[in-house]
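Hello,

Here is the structure I said I would pass on. My notes on it follow below.

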Amino acid sequence: MIFQCLLIVLCHFLLPTDSIEAPALQKPLMIPAELRIGERADIICTLRRGDLPVTFKWFFNGREIRGEELGKVTSYDVRSSVYLMDKLRAENVGNYTCTVSNAAGSDTASGQLLVEGE
């Protein structure tokens, strides 16, 4: 019984899985205002707190963004993810969502990209 208790205490300090902080994003997403067709737009998703490593995923109108059909995903550092659109098209207008996750949990931030005249 004493050995089992000692083993539990040692494991708690050697493998502190419950000390990982879940990620929290800045909300809403940073989306430029007053955009026009043909202009460049960067949507920025920033981690406010949470332990690394984290994984970012992007969604457009509820569907995960894969590939570079409408834009591309990049980052400035390990705590942010940026969705870049070099030339806005009417197809870019809609709802964007960024999800971040780590071993302790996940968080989501959303925003709407609007284009003047659309």
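This is a predicted model: local features need pLDDT of at least 70, side-chain atom pairs count only at pLDDT 80 or more; totals for chains, interfaces and linings use all residues.

Strands 1 and 2 pair in the antiparallel sense, over two bridges. They belong to an open sheet of four strands, ordered 1-2-6-5 with antiparallel pairing. Strand 1 (24-25) and strand 5 (72-74) each have a single partner strand and stand at the edges, so one side of each is left without a neighbour in the sheet.

Next, the core. The largest nonpolar core has 23 residues, and Leu29, Ile43, Tyr96 and Leu113 touch the most other members. Two or more residues each come from strand 2 (41-49), strand 3 (55-60), strand 6 (80-85), strand 7 (94-102) and strand 8 (105-113). Strand 2 gives the largest share, four residues. Beyond its neighbours within four places in sequence, isoleucine 43 has contacts that include Leu29, Trp58, Val82, Tyr96 and Leu113.

Phenylalanine 59 stands opposite threonine 97 in strand 7 and opposite glutamate 64 in strand 4. The hairpin of strands 3 and 4 has two residues between the strands, and asparagine 61 there takes a positive phi near 50 degrees.

Regards

How values were computed: Residues are numbered from 1 along each chain as its sequence is written. Side-chain values use heavy atoms; hydrogens and water are left out. A nonpolar core is a set of buried Ala, Val, Leu, Ile, Met, Phe, Trp, Tyr and Cys residues joined through side-chain atoms within 4.5 Å. Buried means under 20% relative accessible area, exposed over 50%, partly exposed in between (1.4 Å probe, protein chains only). Contact means heavy atoms within 4.5 Å. Two strands pair if DSSP finds at least two bridges between them.
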